[in-house]
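Let's read a structure together, one feature at a time. Bring your questions, and keep the viewer open.

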Amino acid sequence: MSHADVNGVSLHFEEHGSGEPLVLIHGGLGAGEMFGAIMPSLCANRRVIAVDLQAHGGTADVDRPLRPQTMADDVAALIEHLDLPRADVMGYSLGGLVALRTAIQHPQRVRRLVLVSIGVRRDGSHPEVVENMDRFAPEMADMLAQSPLYEVYSRLAPRVEDWPVLIAKTSELLKDDYDWTADVEGLETPTMLVFADADSIRPAHIVEFYGLLGGGLRDANWDGSLRPTARLAILPGTTHYDIYASPALAPAVTPFLDADAL
């Protein structure tokens, strides 16, 4: 069990394998161990650093809101703490938002970026998903304490009594009407987008997001010479809620991560 004291947070992280470093960031109310099903594939030829975000898993909460921007600063500081010039970064859902902000705010720390099931704007999600975000409330802490999410939290959290605090902060986070369109348009980090074929993100928004990265705007030419740097994958038979454990995820992203640095 390892911790890095950065930005006033004691980040818990675990390392697997060896090789090119990959920082792996979990989804909301989860922990790094949620990638257990695909970890053997990811770490076969690389050093995987699975981090627990503020108030998640083995990382205790601190007196600040949950925001992708501040948690991105934590991830960048972790990369520096590990004496890595830079690392590949892959995040799912909330972790994908944090990964994206890491590349936006600290581009020198990110070699390649993989974003799984996120939108560039809050309304990139289906309307019913946004409605559910609006309904997510602090009062749901007791109900959610009966869920598998709480089983993981109660087993890993340094202070189990902080569960209602995490739910309250997550409720506030989910109502943040973010729009990072301009930031993504200026992003120079080689990026791969991965979505489920039944994702919570609208298909039209997936196309828009890919377009902001320079993807899908023209034919790649017969020899591929005009193909964009960005990559896009749609994993069949998956949803937003199970894509992180799909056996198709690691094979989809590995060729992109294995490519030489640009």
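Q: What should I know before I start reading?

A: This is a predicted model, in which local features need pLDDT of at least 70 and side-chain atom pairs count only at pLDDT 80 or more, while totals for chains, interfaces and linings use all residues. Residues are numbered from 1 along each chain as its sequence is written, and side-chain values use heavy atoms, with hydrogens and water left out.

Q: Which strands pair with β4, and in which sense, parallel or antiparallel?

A: Helices (H or I, at least four residues) and strands (E, at least two) are DSSP runs, numbered from the N terminus. Two strands pair if DSSP finds at least two bridges between them. Here, strand β2 (residues 9-16) pairs with β4 in the antiparallel sense over five bridges, and Phe 13 has Val 51 of β4 as its bridge partner. Strand β3 (residues 20-25) pairs with β4 in the parallel sense over six bridges, and there Leu 24 is bridged to Ala 50.

Q: How many residues of β4 are buried?

A: Buried means under 20% relative accessible area, exposed means over 50%, and partly exposed is in between (1.4 Å probe, protein chains only). Strand β4 (residues 46-52) is mostly covered, with six of its seven residues buried. As background, side chains in a regular strand alternate between the two faces of the sheet.

Q: Where is Thr 191, and what does its side chain reach?

A: Thr 191 is in strand β7 (residues 191-198) and is buried, at a relative accessible area of 2%. A polar contact is a pair of N or O atoms within 3.5 Å; within protein, one must be able to donate a hydrogen and the other to accept it, and residues adjacent in sequence count only if both atoms are side-chain atoms. The side chain of Thr 191 reaches the backbone oxygen of Thr 189 at 2.7 Å. For contact, the rule is heavy atoms within 4.5 Å. Not counting residues up to four places away in sequence, Thr 191 touches residues including Leu 113, Leu 213 and Phe 256.

Q: Which backbone atoms lie by the side chain of Thr 59?

A: Thr 59 is in the loop between β4 and α2, and is buried, with a relative accessible area of 1%. A polar atom of its side chain lies 2.8 Å from the backbone nitrogen of His 12, and the backbone oxygen of Asp 52 lies 2.7 Å from a polar atom of the Thr 59 side chain. Leaving out residues up to four places away in sequence, Thr 59 touches several others, among them Val 9, Leu 11 and Pro 158.

Q: Which residues have a positive phi although they are not glycines?

A: Most residues other than glycine have a negative phi. Asn 7 has a positive phi of about 50°; Asn 7 is found in the loop between β1 (2-6) and β2 and is partly exposed, at 47% relative accessible area. Ala 55 has a positive phi of about 70°. Ala 55 is in the loop between β4 and α2 (68-81) and counts as buried, at 4% relative accessibility.

Q: What about the largest pocket, and which element gives the most to its lining?

A: The largest pocket holds about 1,100 Å³ of space. Of the 41 residues that line this pocket, the closest to its centre are Gly 28, Ser 93, Leu 174, His 240 and Tyr 241. Helix α4 gives the most to the lining, with four residues.

Key:
1 Å grid on protein atoms, 1.4 Å probe; cavity = no way out; pocket = protein on both sides within 12 Å on 5 of 7 lines; lining within 4 Å. Points joined across faces, edges and corners; volume = space filled by probe spheres on them.
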